[in-house]
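Have the viewer open as you read.

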Amino acid sequence: MKHIGDNSGKQRLGWIDMMRGICMFLVILHHSGAPDLYQRFLSPFFLSGFFFISGYLFMNPQKPFDGRLKLIRVVETLLIPYFLYATLTYFVKALYVEVWQQENWDIFILYLKELLVGKKLWFMSVLVVCEVALTAFLSISRKLMWIAVFTVSVGVLWCITPLSSGKFYPWYLSQACIALLFMSAGIVVRMNRRILQVVTMKSITIILGVVFLVWVALDYHYHLAYIMFASNCFEPLWLFLLVALLGIMSLIGMVSFLPNFSWLVALGRNTLVFYFFSNQVMMLVFVQVERFQIGNFYISSWLVAITSSLLLTIPVVVCNKYLPWMAGKCNIISKRYSL
């Protein structure tokens, strides 16, 4: 069994990358035409799990917290990749559709609007908002009690304001409030290793997994909750938070007993590029799979997900070798700051 409670060395990185790799594959499966049963299983934890991991990695309680360095890393790992991807994809499409086909050169204002309000990729926008907010708060206090107060306050703010209405706010502020709850949970778990030690006990893992599967069965038959993270739909919120945390803890427990599959680890280490290009690759795969006329969505969705995951290694290799800024793996600014 992996020593998940250990916060140093490659073992910690191994289980985190495995968990991220699983979540990334589930993101692809979610968009592969998966049937409702799959969606009921995935919806509580496959995105919230990402935010939990981001929170877990956000702050090392054994080291001083440098707010300026953290903001620099937000720029390097999130904002610059987001800017490069948004610019590349927008102008490739705009130049072909607007300029080439319709002879319309009025494309720059829309580009600036999309970029300034963070509307291109909701997941990236949410991560940026969460990490900036957490950096500001943790620069003031890192005490567990105040982190809990801050987290509850964000949840209450979402509930009692129009943030819960489903209306779009710049940089997906509404979704960021919910994501922040899971990032805070990740920070709390990092500060209390005992939680992971309990969760990764085999008996506890089995119990959590069985309870989660029972929930999925009940939800599938009776439609107890409606969850669409990207659309800011969490009905009811308290039930979503409870089930999501149950699913995340179950996944952590499961990962602790799995060997490190190199493919999943590689997937977990390159989630940014996989996320960037997943839609484009999947659309190509969809067209080819439809020609087979399989008819069974349980089979076809897995075929699309697995094929897309394998093909996505191509942009991963290209970005890592030639466009490290897009992969979020350049740290030139932070290195200079550290010096």
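Helix axes here are lines fitted to C-alpha atoms over the stretch in contact, and angles run from 0 to 180 degrees between N-to-C directions. Helices themselves are DSSP runs (H or I, at least four residues), numbered from the N terminus. With that in hand, take α7 (residues 144-160) and α8 (residues 173-191): their axes come within 9 Å and cross at roughly 160°. Angles under 35 degrees count as roughly parallel, over 145 as roughly antiparallel, 65 to 115 as roughly perpendicular and the rest as oblique. So α7 and α8 are roughly antiparallel to each other.

A few ground rules: this is a predicted model, where local features need pLDDT of at least 70 and side-chain atom pairs count only at pLDDT 80 or more, while totals for chains, interfaces and linings use all residues. Residues are numbered from 1 along each chain as its sequence is written, and side-chain values use heavy atoms, leaving out hydrogens and water.

| Helix pair | Axes | Angle |
|---|---|---|
| α7 and α8 | within 9 Å | roughly 160° |
| α13 and α15 | within 9 Å | roughly 130° |
| α4 and α13 | 11 Å apart | about 20° |

Nonpolar covers Ala, Val, Leu, Ile, Met, Phe, Trp, Tyr, Cys and Pro, charged covers Asp, Glu, Lys and Arg, and the others, Gly among them, are polar.

Helix α13 (residues 271-292) shows up in two pairs. With α4 (residues 67-101), the angle of about 20° is why the two are roughly parallel. Their crossing is right-handed, and Thr77, Pro81, Tyr82, Tyr85 and Thr89 in α4 meet Leu272, Phe276, Phe277 and Gln280 in α13. This contact divides into 6 nonpolar, 3 polar and no charged residues.

With α15 (residues 313-322), α13 crosses at roughly 130°, which makes α13 oblique to α15. That crossing is right-handed as well. Val273, Phe274 and Phe277 of α13 make the contact with Thr313, Pro315, Val316 and Cys319 of α15.

Methods: Left-handed = near helix turned anticlockwise from the far one by under 90°. Contact = heavy atoms within 4.5 Å.
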